[in-house]
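Have the viewer open while you read.

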Amino acid sequence: MTLFEVWVPEKTVRLLVAGEERAMERDDSGWFSLDVPSAGPGSDYAFILPDSESPLPDPRSPWQPSGVHGPSRVYDHSAFSWTDQAWTGKQLPGSVLYELHVGTFTAAGTFDAAIDRLDYLVELGVDLVELLPVNSFNGAHNWGYDGVCWYAPHEPYGGPDGLKRFVDAAHARGLGVVLDVVYNHFGPSGAYAPMFAPYLSKHGSNPWGDSINLDGPLSDEVRRYIADNVLMWLRDYHVDGLRLDAVHALVDHSAVNLLEQLAVEVESLSAHLGRPLSLIAESDLNDPKLITPREAGGFGLQAQWDDDVHHALHTLLTGERQGYYGDFGSLDCLQTVLEGAFFHAGTWSSFRQRHHGRPVSSKTPGHRFVAFLQNHDQIGNRAVGDRLSALLSPGLLKVGATLLLTAPFTPMLFMGEEWAASSPWQFFTSHPEPELADAVRTGRRREFAEHGWASSDVPDPQDPATFERSKLDWDELGKPGHAEVLDLYRRLIKLRRDFSDLSDPWLSKVEVWHGDQHVVIRRGGCVVAANLAPEAQTVSLRSVPSKVLLATSPGVVLQRDRVELPAESAVVVVARL
C-alpha cells in the first residue's frame, strides 16, 4: 500500500498510477491524498491537473528515472542497506572542504565512479566533500543549478541509491558530505511545481529565474516544501551539511526569516541524530547576521562563503581588476580580510556604487567563513573557464595555496586545484529544447562581449565538447608540474592538523604586516611569510625563527629575526617573540 499526497490548494487533481486515473480526497489545507493498495516501491505515477495537457511529475518526487518530464516513481528510503551506523559526523570547525561536480570529477561522471576516488581524497587530507547540486535537471549534463525536481537525485548520476552509496562510502572512509542545494529559483525546463500551487512570488525575479514565494499568500506550505527538502537530505541521505545557494536572492519579509527557520529545524534534527549538521550560506551581502547565533539575534547558520578572501587573493596574485575586483588587489586589502574576514564591511564599493557590508565581530570565529582560492563560480564564470594554473606562474600558485591553507578560515578546494589541473572548468548545458539552448548560448556570449571578450572565444555551452573539456584528467597526477603542487597541498593540509596555531579560528589572534610585495602573518607560534616579487627579498618576521615547517621553494635562509625568501615563494616557520 502507498499513500500518494500532493498540495494543490486552488485546483482539483487526479492521480495516474498503473495506467488508471483515480480521484483523490482533499482536506481543508489543500492537500489531496489517496491510498493505493496495489502500488509500492517501483510504481510509476503522475498527477493530472485540469489545465494540463499531460500528466505531471510529483513536485516532491523522490525519483525521476525517465527525466524531469517523465512520471515519478515510488521510492522506499528504508530499503537501502546503510553501513554507516557508527558514523558520528564531521564538524565544520577544523575541516577542509573539497568541492566537486559529479559529472566532471571522473570520466564516467557518476556517483559510483566518484566513490573510486574517495581514497585519494582521504590521502589528500580533506574532511568534507561538497557536491555541486545533484537534484534532477533537464538534459544529461549541467552545472546543477537548473534543478526542478528538488527531491530527486539526478538519474544519470545514479539516482537515489547512487547518492546513498556515495555517502555511505564516504562515511566508511571518515569523510563527511556536504550537498549544494538551490532554493532561490526553479530551472527553466521541467519546473512543474508552480502549476500545482503558488510556489512563485509576486516580488519578481532574480538573475536566474522567478523568485520563490516565501512570505506571500499560501507561503507556509512553500516554506514547508523547502524545509522538508533540507531535512530529507540530512536524514534520509545521511549527508552532513548543506550549502545554500545565493541566499541573498531569497526574498523574505517574514518576522522569522526562512534561514532562521531552517537553522532551528536542523538543530533539532542534529540533536535527534546525535551528529553535527551544518548549514553553509552563499551570500554576497557581507552580513555576519547569517552566522551570528540565534541567541545573539542572528540566523544561526554554521558558516557562509567569503568571496572577499577570494577576491583579495585572486587580484593580488593575477593583477586583474575588472568588474567587482576593482576595489581589491592591494596588500592592505589582504591584511583587512585576513584580520577581519570581510573587505567591504560598511565601506564604499565602487562596483555597487554604494556602501556595502557590515563589520565582523572579533568574537566571531574564522571557521564560520568558508574561504577559497578557486571555486566553480570563480572559474566557470570566466569566459573560457581558465583556472589559476593557466594564469599564474608555478611560484605564485604555490604562494596562493599557502596563504589560503594557513588562514584562520575554513578552507575549500575546487576539484583538481590541488594538482594544478590543466583542464578548464567551463559553463556547459544540455538543454534539449532548441529555443532554450539558443537563448543560453546567445545570452552567454552577449554577457562576455559586454566585458570585452570576443564572442568567438566563449565556448558554446551546448557543445558536448565544452562538457568533455571540463572533465578532470587524472593521468596528470604524477606528471611534472602537477605532482609537486599536489605534494605541497598535502603538506599544507597536514600542517594545519599538526600545528593548532594554523587552525586556530580567532581573528583577534591574527597579526598581519606587509611591505614591498611581501606579506607576513603571525598565527601564534607560527609565522607565514610570502614574497610576491620576481626577485628574492629579505623579510622581517618581528620574531626569532627556529625551524622551517614548510617552504614552497628551496633557498630559504633564516636569519636572526628575518628570513630570506626566493622570488615568488612562501615559508611557514616556528618563531618566538
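## Starting at V544

V544 comes out as partly exposed, because its relative accessibility is 27% and the buried label needs a value under 20%. Keep in mind that this is a predicted model. V544 sits in strand β26, which covers residues 544-551.

What does V544 touch once its neighbours within four places in sequence are set aside? The contacts are R560, V574, A575 and R576. P461 is another matter: V544 and P461 are 83 residues apart in sequence, and their C-alpha atoms are 54 Å apart in space.

## W506 in its loop

W506 belongs to the loop that links α14 (483-498) to β22 (510-515). Is W506 buried or partly exposed? With 38% relative accessibility, W506 counts as partly exposed.

Leaving out neighbours within four places in sequence, W506 makes contact with S362, K363, T364 and P365. As for N531, that residue is 25 positions from W506 along the chain, and the two C-alpha atoms are separated by 25 Å.

## Two positive phi values

N286 has a phi near 50°, a positive value in a residue other than glycine. Its place is the loop between β16 (278-281) and β17 (303-305). N286 is buried, because its relative accessible area is 7% and the cut-off for buried is under 20%.

A341 isn't a glycine either, yet its phi is positive, at about 75°. You'll find A341 in the loop between α9 (331-340) and β18 (347-349). The relative accessible area of A341 is 0%, so A341 is buried.

## What packs inside

The largest nonpolar core has 135 residues, and the members that touch the most other members are Y98, L121, L124, L131, W233, L242 and L334. Which helix gives the most to this core? That is α6 (residues 219-236), with nine residues.

Beyond its neighbours within four places in sequence, L121 is in contact with Y98, L100, F105, V126, V129 and L175. There is also a second, separate core of 18 residues, with F4, V6, A39 and Y192 among them.

## The whole chain

Why call the radius of gyration of 25 Å consistent with a compact globule? Because a compact globule of 577 residues would come out near 25 Å, and the chain's 25 Å agrees.

Of the 577 residues, 59% count as buried. Among contacts with a separation of 6 or more, 69% come from residues 24 or more positions apart.

## Surface and charge

The chain exposes about 22,100 Å², and carbon and sulfur atoms supply 50% of that area. On the charge side, the chain has 48 positive and 76 negative side chains. How far apart do the centres of the two sets lie? The answer is 6 Å.

Conventions: Residues are numbered from 1 along each chain as its sequence is written. This is a predicted model: local features need pLDDT of at least 70, side-chain atom pairs count only at pLDDT 80 or more; totals for chains, interfaces and linings use all residues. Side-chain values use heavy atoms; hydrogens and water are left out. A nonpolar core is a set of buried Ala, Val, Leu, Ile, Met, Phe, Trp, Tyr and Cys residues joined through side-chain atoms within 4.5 Å. Buried means under 20% relative accessible area, exposed over 50%, partly exposed in between (1.4 Å probe, protein chains only). Helices (H or I, at least four residues) and strands (E, at least two) are DSSP runs, numbered from the N terminus. Contact means heavy atoms within 4.5 Å. The radius of gyration is taken over C-alpha atoms; the globule rule is 2.2 Å times the number of residues to the power 0.38. Accessible areas come from the Shrake-Rupley method with a 1.4 Å probe; for residues, only the protein chains shown count as cover. Lys and Arg count as positive and Asp and Glu as negative; His and the chain ends are not counted. The place of a charge is taken as NZ of Lys, CZ of Arg, CG of Asp or CD of Glu.
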